[in-house]
Amino acid sequence: MTADLKLGLQLGYWASKPPEYDWVGLAKEAEDLGYDSVWTAESWGSDVFSPLAYLAASTSRIRLGTGIAQMAARTPTATAMHAITLDHLSGGRVILGLGLSGPQVVEGWYGRPYPKPLARTREYVDVIRKVLRRETVTNDGEYYPLPYQGLDSLGLGKPLRTNLRPLRKDLPLFLGAEGPKNVALTAEIADGWLPLYYVPERPEVYADQIAGAKDGFEITAMVHLAFTGPAPDDIEQALWPIKGALAFYVGGMGAKGANFHKNLMVRMGYEAEADRIQELFLDGKRDEAVMAVPSAFADEISLVGPTARIKERLAAWRESPVTTLLVTARESETLRGLAELAL
């Protein structure tokens, strides 16, 4: 049970152009309201660090999270450099959230191999920890050898340590993970977990995987937030954005046999529905895929409805292991409404 449920704001990644809403003003308001953190993301467009650097200059207290920085995009030492620099610029407010992404992005966009993702993650995190401790970094692992001594090397590489002293050697490192083995690894080596979908009424889905997490382990779960009128149609209408996102992730974010978002929906009890969503999406029937997303699942991973209903749902989140609700709201009124109920 979480005695003190914190709030975070997820700004996500930019679409075809920078956001038209006042994302900086929204982050500043979240800080004023007592939100604990603000997060950005990256896919294959805007990067995850630049917007946070911009926000660091406009805020003073709110923590700044990468949710997530894709590991294939940068070597672990490059990621550590980003995190250390931003931590200095922000006065020690960075949460370094890392994730694998999927094989389509890793191999198609970054041109890197995807196999053995768990071993890669462990090695990646280990190198970053060494940089943060300001060790002279060497690594004899398979994926990120330091110094590099391959057949095509000049043989001139030497072990180095960062010449910029990290502000915090214990800078928090979170992992975005969905598969059971990946979540178990996260509980073992990370300071926190960023689940994409979490249902507070179904803690058994991940209970075994996070059972061994250390004291202070944080779980920052993303939810779609919308205050509505009391009618069932009002709630159903508010679920459409999350249904659209689910159709895209479950249907199209990954190949037919390698979609981790779909696999998670299956583990949560919606196997037939997940199969149907993917089938429709891959057939080009995207509107039908959205309509195939069950309202029950969209509702379980969201906070949608009138104030009384959201207040009731918050009780379930407080009883869960989740430590932070990471909301995707885009309006000041919505941020204020949740703060009044939760903080």
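How many aromatic pairs does the count come to by the ring-centre rule? The count comes to eleven aromatic pairs. Under that rule, rings of Phe, Tyr and Trp (its six-membered ring) pair if their centres lie within 6.5 Å; planes under 30 degrees apart are stacked, those over 60 are edge-to-face and the rest are tilted.

The model is predicted: local features need pLDDT of at least 70, side-chain atom pairs count only at pLDDT 80 or more, and totals for chains, interfaces and linings use all residues. Residues are numbered from 1 along each chain as its sequence is written, and side-chain values use heavy atoms, with hydrogens and water left out.

**Aromatic pairs**

Two of the pairs are set out below.

| Pair | Centre distance | Plane angle | Class |
|---|---|---|---|
| Tyr124 and Tyr144 | 5.3 Å | 85° | edge-to-face |
| Trp193 and Tyr198 | 6.1 Å | 75° | edge-to-face |

Tyr124 belongs to helix H5 (residues 117-132), while Tyr144 sits in the loop between H5 and strand S6 (173-176), so their pair ties together parts that are 20 residues apart in sequence. Helices (H or I, at least four residues) and strands (E, at least two) are DSSP runs, numbered from the N terminus. Tyr124 is buried at a relative accessible area of 0%, and Tyr144 is buried at 17%. Buried means under 20% relative accessible area, exposed over 50% and partly exposed in between, with a 1.4 Å probe and protein chains only.

Trp193 and Tyr198 are both buried. Together with Tyr206 and Trp317, Trp193 and Tyr198 form one aromatic cluster.

**Helix H9**

Helix H9 covers residues 240-252. Its 13 residues should span 18 Å at 1.5 Å a residue, and the end C-alpha atoms are 17 Å apart, which agrees. The expected span is 1.5 Å times one less than the number of residues. Buried residues of H9 include Ile242, Leu246 and Tyr249. Lys243 is also buried, and Lys243 lies over the face of Trp240, 5.1 Å from the ring centre. For this contact, NZ of Lys or CZ of Arg must be within 6 Å of the ring centre and within 35 degrees of the ring normal.

**Val322**

Val322 is found in the loop between helix H14 (307-318) and strand S10 (324-327). Val322 is buried, with a relative accessible area of 0%. From Val322 to Asn182 the separation is 140 residues in sequence and 18 Å in space, C-alpha to C-alpha.
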